[in-house]
Amino acid sequence: MKFTLHDSLNFISKLSFQRIWNALKVITSFYITKWTGRPIQWGMPFTISFEPTTACNLRCPECPSGLRSFSRDTGNLKADFFRKTIDDIAGNLIYLIFYFQGEPYINPKFLDMVAYAKQKKLYTITSTNGHFLNDENARKTIESGLDRLIISVDGTTQEVYENYRKEGKLEVVLQGARNVVKWKKKLRSTTPHIIFQFLVVKPNEHQIKDVYQLADEIGIDEVKLKTAQVYDYKHGNPLIPTIDKYARYARQADGTYRVKNELLNHCWKLWHSCVITWDGMVVPCCFDKDASHRLGNLREKSMATIWQDEAYVSFRESLLKGRDQIDICTNCTEGCKVWA
């Protein structure tokens, strides 16, 4: 994650002795686990993704929300449950990511929850497709205290953009970005740090230079190029870029494709982070999009109990024995991101 000077100072201001001490315990236990091969877990997660909703207005081809392919229920995170959970975990928490599946701004209480997290001095991040950043929401976004806003801009012309962002309107997204920049200046706010995220796929790879120019014209703080996960990659996929460094998958001699990353039997995510679904289920990471590995229910148990419970310990043990035996790990390309 990149930080500008303002962003760095903002992040540092969120730290406390308790949060630093907890992070040190987590990091230490992770390295002891790597050295010993035993699932040692000290401390609590300091990065959590909280899912505002599973609903989405678009139909992106590699997204369960877009494909409407979930086996789990669709719904919105309730503000009272969110506040109760944050009250319980905020002392050790540093990053709060308001995103898992779905479009966060569809939840009518989303920005209220961001504002509550700000009261707890948490560094808050969200990722949006940008279609709900009208003038009012743009102003409320600044006023909420959101620290980092990632806007998906996967093409610089409508024809290219809609190759992936099915049913999306590029001009609506760009106007939304302009609205946020305008209110950030008008309210003299240093936050949020605004990012254009460009998911590099074959149909848009020729527009990489153009997105930098577009971001500069609008006043965006950063452009992030991200590689795309695809589900059906073995025999090739029209979304896999031809520019090798932007592809998560490598072509083999027989013409089939494989995940580039070596599947090591350890995972940093399982030690420092987790995902909470809109209805309170704790799942191991963002690759478990359908929440098939449910490690606990926060409506029934506390995070402290779930984090050390038998289900979590067992999952960590399975991971250390062989990630190739865990379905959500086999297409894991964590670390395969391109930062501009």
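Buried here means under 20% relative accessible area, exposed over 50%, and partly exposed in between, with a 1.4 Å probe and protein chains only. The model is predicted, so local features need pLDDT of at least 70 and side-chain atom pairs count only at pLDDT 80 or more, while totals for chains, interfaces and linings use all residues. Residues are numbered from 1 along each chain as its sequence is written, and side-chain values use heavy atoms, with hydrogens and water left out.

**Stop 1: the loop between α8 and β5**

Select Arg-188, which is found in the loop between α8 and β5; helices (H or I, at least four residues) and strands (E, at least two) are DSSP runs numbered from the N terminus. Arg-188 counts as exposed, at 80% relative accessibility. Its phi is near 55°, a positive value in a residue other than glycine. Most residues other than glycine have a negative phi, and most peptide bonds are trans.

Next select Thr-191 and Pro-192, which are joined by a cis peptide bond with omega about 0°. Pro-192 lies in the loop between α8 and β5. Thr-191 is placed there too, between α8 (170-186) and β5 (193-200). Thr-191 is buried, with a relative accessible area of 12%.

What does Thr-191 touch, not counting residues up to four places away in sequence? Show Asn-10, Ile-142, Gly-145, Leu-146, Asp-147 and Lys-184; a contact means heavy atoms within 4.5 Å.

**Stop 2: helix α6**

Colour residues 135-144, helix α6, and pick out its buried residues: Asn-137, Ala-138, Thr-141, Ile-142 and Ser-144. Seen down the axis of α6, these fall within an arc of 165°, so they line one face of the helix; the arc is that of the directions from the helix axis to the C-beta atoms. An α-helix has 3.6 residues a turn, so residues three or four places apart point the same way. The buried residues of α6 pack against α5 (110-119) and α8.

Now look at the ends. Asn-134 caps the N-terminal end of α6, with a side-chain oxygen 3.2 Å from the backbone nitrogen of Glu-136. Just after α6, Gly-145 takes a positive phi of about 90°.

**Stop 3**

Select Lys-121, in the loop between α5 and β3 (123-128). Lys-121 has a positive phi of about 55° although it is not a glycine. Lys-121 is exposed, with a relative accessible area of 54%.

**Stop 4: the cavity**

How many cavities of 30 Å³ or more does a search of the whole structure find? One is found. On a 1 Å grid over the protein atoms alone, a cavity is a set of points where a 1.4 Å probe fits but cannot get out, and a pocket is an open set with protein on both sides within 12 Å along at least five of seven lines; lining residues have an atom within 4 Å of a point. Grid points are joined across faces, edges and corners, and a volume is the space filled by probe spheres set on the points.

The largest cavity has a volume of about 60 Å³. Select its lining: Cys-267, Lys-269, Leu-270, Cys-285, Phe-287, Phe-315, Leu-319, Arg-323, Ile-328, Cys-329 and Cys-332. The elements giving two or more residues to this lining are α10 (269-272) and α12 (310-321).

Key
A polar contact is a pair of N or O atoms within 3.5 Å; within protein, one must be able to donate a hydrogen and the other to accept it, and residues adjacent in sequence count only if both atoms are side-chain atoms.
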